[in-house]
Amino acid sequence: GFGYVTFATAGAAAAALKTTHHVGGRQIDTKRAVPGTNKVFVGGLPHNCTAAELREHFEAFGVVSDAVVMIDPVTNRSRGF
C-alpha cells in the first residue's frame, strides 16, 4: 500500500528522506510528494499498516502534522502501489 506523511518542519522531512525505512518488517520507499513542501510519499507499505503506525514510525524524525494510508473503498485494505 501507500500513503503520505506531512511533517511540521522542512528539516524533519529532509531528515526522513535521508535514510531507509522499515515498517512491518518491510523496506518502504520514501520520496518528496510535492517539491518545496514537507509532504513525503511513502510506498511499499504492508497491507495491514495503519496511519497510526506510520505516524509513530516517522515521529522519530520530528513532529508529524498528518499521516494517512490510502484505503481502497471496495476492499477496505490499503491500496496497492
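How many bridges join β3 to strand β4? The last view below has the reply. This is a predicted model, where local features need pLDDT of at least 70, side-chain atom pairs count only at pLDDT 80 or more, and totals for chains, interfaces and linings use all residues. Residues are numbered from 1 along each chain as its sequence is written, and side-chain values use heavy atoms, with hydrogens and water left out.

**View 1. Phe7 and Phe58 pair edge-to-face.** Rings of Phe, Tyr and Trp (its six-membered ring) pair if their centres lie within 6.5 Å; planes under 30 degrees apart are stacked, over 60 edge-to-face, and the rest tilted. The centres of Phe7 and Phe58 are 6.2 Å apart with planes at 75°. Phe7 belongs to strand β1 (residues 2–7) and Phe58 to helix α2 (residues 51–58), 51 residues apart; helices (H or I, at least four residues) and strands (E, at least two) are DSSP runs, numbered from the N terminus.

**View 2. Lys39 meets the ring of Tyr4.** The charged end of Lys39 sits over this ring, 4.8 Å from its centre (NZ of Lys or CZ of Arg within 6 Å of the ring centre and within 35 degrees of the ring normal).

**View 3. Strands β3 and β4 run antiparallel.** Here 4 bridges join β3 to β4 (residues 39–43); strands pair if DSSP finds at least two bridges between them. Thr30 stands opposite Val42 in β4. In this hairpin, with 6 residues between the strands, Gly36 takes a positive phi near 85°.
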